[in-house]
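Trainee: Can we go through the pockets of this model together? I would like to take them one at a time.

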Amino acid sequence: MTPRPVATARRLRLATELRKLRERAGLTSTEAAQMLGTSSGQLSNVESARFGVSPDRVRAMANIYSCTNQPYIDALVDMAGEKTRGWWWDAYREVLPSGLLTLAELEHHATAIRTAFTAHIPGMLQTAAHAREIFSHAIPAPTPPEVEHRVSHRIKRQDVVFRENPNPYSTVIHEAALHMRVGGRRVAREQLQHLIDMSERDHITLQVLPFDIGAFPGSGQSINYLCGPVPELDTVQLDQFHGPVLLDAEAHLEKYRRLLDIVEATALAPVKSRDLIRSVAQNL
């Protein structure tokens, strides 16, 4: 076990899952540590991500905790074996809030992404001009370099939908977001055309909730659902004024899976959604 001064999001999640496994087994940290041949202090450091843990140790813990879910165990082992940080850490750790780095990490490793947005175009589908305008109006007011750091980070995040063999990305956008003239007519038209172009990619499903749909579950909330290698390792990210909030409790995951299912079933089909976006663009 080696000390890690700053844990990645996946290391933190691994630590959380190992603690959950122990608790489901009905073992105290002292009992588990004795069975593992270590101290309760060392086990506490692992479960809080202050110490790293080897893949072999993860398998031993899963065995002692009587976990028989092999795909889940394999996913935890893979997380323990990860040794490198990604582009988000090397390039942005000194200039952006940690929450944005965490989001980029989770998106990079997600096997699929599902989102629903009410008042905004999802970051994955924003043009640089649209993103720049959004960041320019942040509070407190950012400096020009801070704006450019955030724009470049957002565009770099979009690699997950542009890279070779991309994973599925689905989003539901409320019609209200289509009518917001962020950056003026020219920027807004370019943004809407970009949505149309992206919606035609095979791995992207874009749906629109029209105004006449009325009330719907989850209205007013932006949801990012990041699918892990197994459902137990999914993560929900919610936007808050003070920064992103992450949820991974089983009850939360089930709630937001159901919510997204309902919203997707309520929204227009992809072809009709694309037609609505074209209509809004033509009327700008």
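Mentor: Start with the term. A pocket here is an open set of grid points where a 1.4 Å probe fits, with protein on both sides within 12 Å along at least five of seven lines. Keep in mind that this model is predicted.

Trainee: How much space lies in the largest pocket?
Mentor: The volume is the space filled by probe spheres set on the points. For the largest pocket that comes to about 1400 Å³.

Trainee: Which residues are closest to its centre?
Mentor: The lining of the largest pocket counts 48 residues. The closest to the centre are I134, F135, R154, D239 and Q240.

Trainee: Which element gives the largest share of that lining?
Mentor: Elements that give two or more residues include α7 (98-109), α8 (128-136), α9 (144-157) and β5 (235-240). The largest share is five residues, and it comes from α9.

Trainee: How many residues in the lining of the largest pocket are nonpolar?
Mentor: Sort the lining by class. Charged residues number seven and polar ones 17. The nonpolar count is 24.

Trainee: Which residues are closest to the centre of the second largest pocket?
Mentor: About 310 Å³ of space lies in this second pocket. Its lining has 19 residues. Closest to the centre are A9, R13, L106, L233 and T235.

How values were computed
Residues are numbered from 1 along each chain as its sequence is written. This is a predicted model: local features need pLDDT of at least 70, side-chain atom pairs count only at pLDDT 80 or more; totals for chains, interfaces and linings use all residues. Side-chain values use heavy atoms; hydrogens and water are left out. On a 1 Å grid over the protein atoms alone, a cavity is a set of points where a 1.4 Å probe fits but cannot get out, and a pocket is an open set with protein on both sides within 12 Å along at least five of seven lines; lining residues have an atom within 4 Å of a point. Helices (H or I, at least four residues) and strands (E, at least two) are DSSP runs, numbered from the N terminus. Ala, Val, Leu, Ile, Met, Phe, Trp, Tyr, Cys and Pro count as nonpolar, Asp, Glu, Lys and Arg as charged, and the others, Gly among them, as polar.
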